[in-house]
Amino acid sequence: MSDQTKTTPDQIVVVTPSAVTELKRLIAAENEPGLFVRIGVSSGGCSGMTYSMAFDNNPSEMDREFDFDGLKVRVDLKALMYLAGTTVDFKSGMLGGGFAFNNPNAKRSCGCGSSFTC
């Protein structure tokens, strides 16, 4: 296990090397300087809370920033209450590929893995 996949006090949200590679590829395709990845949660979905992940270029004072091999990831402090210890991974494949959230705080998740209950 690399240092990037271990949760440390400085890295509350973890992005695996495969997810870092894919996110860097997607950001490069946007061709917009200063983009970072914003990870968050919102209410909704079949289990109560929904994960969100988007490119952004507007940092907030309420963000915590993480760096994964040069990839900047920001999470709002309110979202960290729900995302502490979460790992974001990426798997390629025709069936079931894409980004996945492994959240140890989730008591229940929906079948597609995009929403959860704490």
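Modeller: The discussion below goes from the overall fold to the charged pairs and then to the core.

Modeller: Please bear in mind that this is a predicted model.

Biologist: What makes up the secondary structure of the chain, and what pattern does the chain follow along the sequence?

Modeller: The chain has two helices and nine strands. Read along the sequence, these elements follow the pattern β-α-β-β-β-β-α-β-β-β-β. Of the 118 residues, 34% count as buried. The accessible surface comes to about 6,900 Å², and 54% of that surface belongs to carbon and sulfur atoms. Among contacts with a separation of 6 or more, 52% are between residues 24 or more positions apart.

Biologist: Why is Asp56 called buried?

Modeller: The relative accessible area of Asp56 is 17%. Buried means under 20%, so Asp56 with its 17% is classed as buried. Asp56 lies in strand β3, which covers residues 49–56. Leaving aside neighbours within four places in sequence, Asp56 is in contact with Gly34, Leu35, Phe36 and Arg38.

Biologist: How do you know that the side chains of Arg38 and Asp56 meet in a salt bridge?

Modeller: The N to O distance between the side chains of Arg38 and Asp56 is 2.8 Å. A salt bridge requires a side-chain nitrogen of Lys or Arg within 4 Å of a carboxyl oxygen of Asp or Glu, so the pair at 2.8 Å qualifies. This pair links distant parts of the chain, with Arg38 in strand β2 and Asp56 in strand β3, 18 residues apart.

Biologist: What makes the pair of Asp63 and Arg74 a salt bridge?

Modeller: Their side chains meet at 3.3 Å, N to O. The limit is 4 Å, so Asp63 and Arg74 at 3.3 Å form a salt bridge. The pair links distant parts of the chain: Asp63 is in strand β4 and Arg74 in strand β5, 11 residues apart.

Biologist: Are Asp63 and Arg74 buried or exposed?

Modeller: Asp63 has 11% relative accessibility and Arg74 has 14%. Since buried means under 20%, Asp63 counts as buried, and Arg74 is buried as well.

Biologist: Why do Lys72 and Asp67 count as partly exposed?

Modeller: Lys72 stands at 33% relative accessibility and Asp67 at 35%. Buried means under 20% and exposed over 50%, with partly exposed in between, so Lys72 belongs to the intermediate class, and so does Asp67. The side chains of Lys72 and Asp67 meet in a salt bridge of 2.5 Å, N to O. Salt bridges that share partners join Arg38, Asp56, Asp63, Glu65 and Arg74 into one network. The structure holds eight salt bridges.

Biologist: Which residues of the largest nonpolar core touch the most other members?

Modeller: Of the 23 residues in this core, they are Val15, Ile39, Val73, Val75 and Leu83. Elements that each supply at least two residues include α1 (17–30), β2 (36–43) and α2 (77–83). Helix α1 gives the most, with four residues.

Methods: Residues numbered from 1 in each chain as written. Predicted model: local features only at pLDDT ≥ 70, side-chain atom pairs only at ≥ 80, totals over all residues. Heavy atoms only, no water. Buried < 20%, exposed > 50% of the residue type's maximum accessible area, 1.4 Å probe, protein only. Contact = heavy atoms within 4.5 Å. Core = buried A, V, L, I, M, F, W, Y, C linked by side-chain atoms within 4.5 Å. Areas by Shrake-Rupley, 256 points an atom, 1.4 Å probe, with all protein chains shown as cover.
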